[in-house]
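Colleague: Thanks for sitting down with me. Could you show me the model and take me through the labels you put on it?

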Amino acid sequence: MLRFSLPRFLAVLVKEFIQMRRDRVTFAMMIGVPIMQLLIFGYAINSDPRHLPTYVEMADNSPLSRAIIYGMKTSSYFDFEGQVTSPEAGDQALKDGRANFVLVIPPHFQRDLLRGQRPQILLSADASDPAAAGGASAAIGQIVQQAVASLASGPLASAKPSPPPFEVIVHRQFNPEGLTALNVVPGLLGVILSMTMVLITSVAIVRERERGTMEALISTPVRPAEVMLGKIIPYVLVGYVQTAVFLLASHALFDVPFLGSPLAFFIGFNLYIVVNLALGFLISTFAKSQMQAMQVSFFLLLPTILLSGFMFPFAAMPGWAQTIGSAIPATHFLRLVRKVMLKGAALPDVAIDMGAIVLIMAVIVVAALKRYRQTLD
Amino acid sequence: MSRVTIATPEDTTPEDASSEGPTTKAFSADPTGSNPDWAISVRGLTKAFSGRRVVDNFDMQVPRGAIYGFLGPNGSGKTTTIRMMCGLLTPDAGHGACLGFDIQKQQAEIKARIGYMTQRFSLYEDLTIRENLDFFARMYRVGQRRQKVAQALDDLGLSGRAHQLAGTLSGGWKQRLALAACLIHDPQLLLLDEPTAGVDPKARRDFWAEIRQLSQRGVTVLVSTHYMDEAVQCDFIAYIAYGKKLIAGRSTEIPHMIGLHTWRITAPDLDRLEAMLEQAPAVEQVARFGAVLHASGRDGPALQALADVQDGQDGQRWSYKETELEEAFIYLMASGTDNFAPELSQASSQAPGHSSGQAPGHSSGHSSGQPPAPPQTTRPTDPGKEAS
């Protein structure tokens, strides 16, 4: 009688499935949310922004100046919106947001250059958004250098910059084109699973308490493990469906490759689903209402998005933030998914990430079982 | 008026215990005569929520096969007590057994043998009637489940609507379904927590007919209620207020234990009479039953004197009547309406004119020092026993 009973567990399981099937809105959310987020993050977000509005204050209308501007246009970072005629007008354009950049080419730029006077060229950037200013600012030096080099032939050959005595070769591995989608989309799987799994489980359990059905349920001889497993497993399957939808969409829409071991991926995402469900279960032992469960779940979603390395590079965070980030399951799952999908990792390569997830899971499960009571105390 | 509570039998003095009055001995005779064991026997149950004692040193013995009514105002601790008895809450202090199993250690055994019907409808509204019954049958691992469920549906008369969602049922049907669900495993003990709240009188009568049948089959029923028509159906009654049991006994003995004297009065103008009686010091309670008034009080001689004066005036007809459970019930329920505001009720219980009724021999050892003390406590005041 005190042992785990398979029939009772199955009864809870069947009940959960029936309830899930009848709750059409939630069910639609579970499938709709991954697709919606995939579209938003995949199409709308770009960490290497291009076509930024640029004004130019052109005091030197020389072939060189025009070559520089042409080079900037073709880099696709800059879209020239027009000219300004004074420094004040340039500042104003930056201030009121018409321009992200104002390029100032000083008088006699070409002449000074040919004379070897190292004339200066100014690119004023609206750096209030570092991400918007970053890529373009980094590219400008090379653009100007190339423009100068292309013109420095014939009589101007003396102006040709001599190559540096060394050459730096940057090899962009795993994502040679620097596509944001390749970074965001695999990571998004972690965020979506975390969001839906934690939220749905916590709400599903708190709902029993809120509606009073928990009292009837635990007045039967049902064991905690039967309730916990019976409630969690249906949502594991939801996680499977979400992952399948996600993988198909990311392949079809964003050409995200899947280079690594499917087995490593399978084990990893199972672990991750379970750790999130356990977290949802833990929340449900604290939350007094569905509303509270929802609030706590969303509260936990923030660090998952911000500190896990999903939005911002993990290594760039200060030590304390990395410490917090390391305690978040999504951090490890993100690494695992990126390794497997983009870097072709196999099981041994992601063992450390799995280990971290298992460790976090152990802590959460122990806490959840300790908190879950078979009574109403 | 009757904001007075009554001492528990345990609190009574030896003089009382020796008389035929209320004693715990009254319980020891099993109504069915077949089994001397208690279905429920608890002692000293105490439970506090955030420092407030919701149930305080509670004793109760329920004989097997009895219908035991559990009365008390809102917030008096009835639900908490029932939950402790069936293992849903862990008592802070006290011990006891339910069907012979320890309520603190053998909760699983208890749960398998009892049916607990919660105050609120607690089946799954998004499951069908059949699915609900089937779910609980599985939870209790009922043998021949399909037949059992089909039988239950038949008994309910819901076979044709088995696929209807439980949430779409009316209040009365929900309550019958809930009862069927907690009977699916043939429990020996049924705990019903205000089962008929919000149910129409016809459905309530049907419900009680079923309870009676169950009782005849040997099922013990503990039922908490607010309703007089339910209280009068019970074999035994316990009254609880502020988490303390104030009176308990066979329902036939309860009126006697309170010590009420009742006069039956008819008059041409009942309204005026009622207003007059409410002013009379000897009358603690006036209840209207159709075209008659029942005036009750614990001071027998004073009532007698009043009757002598009034009888025949303005067409009044006074006749002494045996105090019955109805009067006792009204008396009990009037002694407190809401136990969530102890200070307030306590203050109002100090109504003038009744302090004289307080018995000197009343010992309330366990209640001393408790902030939410029960309203002014008074012993049964059967004139013959006022010796102490």
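Colleague: Why does A:Leu229 count as partly exposed?

Modeller: Its relative accessibility is 38%, and partly exposed lies between buried, under 20% relative accessible area, and exposed, over 50% (1.4 Å probe, protein chains only). So 38% puts A:Leu229 in the partly exposed class. Before we go on: this is a predicted model, where local features need pLDDT of at least 70 and side-chain atom pairs count only at pLDDT 80 or more, while totals for chains, interfaces and linings use all residues. Residues are numbered from 1 along each chain as its sequence is written, chains are lettered from A and ligands numbered from 1 in the order in which they are written, and side-chain values use heavy atoms, with hydrogens and water left out.

Colleague: What makes the nonpolar surface patch?

Modeller: A:Phe4, A:Leu6, A:Leu10, A:Leu229 and A:Ile233 make it, with about 400 Å² of surface. Patch residues have over 30% relative accessible area and no salt bridge, and nonpolar side chains (Val, Leu, Ile, Met, Phe, Trp, Tyr) are joined within 5 Å, like charges within 9 Å. Accessible areas come from the Shrake-Rupley method with a 1.4 Å probe; for residues, only the protein chains shown count as cover.

Colleague: Which helices of chain A each supply at least two residues of that patch?

Modeller: Helix H1 (6–22) and helix H9 (224–254) do; A:Leu229 lies in H9. Helices here are DSSP runs (H or I, at least four residues), strands likewise (E, at least two), numbered from the N terminus.

Colleague: Why do A:Lys15 and A:Glu208 meet in a salt bridge?

Modeller: A salt bridge is a side-chain nitrogen of Lys or Arg within 4 Å of a carboxyl oxygen of Asp or Glu. The N to O distance is 2.5 Å, so the pair qualifies. A:Lys15 is in helix H1 and A:Glu208 in helix H7 (residues 180–211), 193 residues apart.

Colleague: Why does A:Lys15 count as buried?

Modeller: Because its relative accessibility is 2%. A:Glu208 is buried as well, at 3%.

Colleague: What about B:Glu131 and A:Arg22?

Modeller: Their closest N and O atoms are 2.9 Å apart, a salt bridge again. This pair crosses between chains, from helix H5 (residues 129–139) of chain B to helix H1 of chain A. A:Arg22 is partly exposed because its relative accessible area is 27%.

Colleague: Where are B:Asp56 and B:Lys244?

Modeller: B:Asp56 is in strand E3 (residues 52–63) and B:Lys244 in strand E11 (residues 244–250) of chain B. Their side chains meet in a salt bridge at 2.7 Å, N to O.
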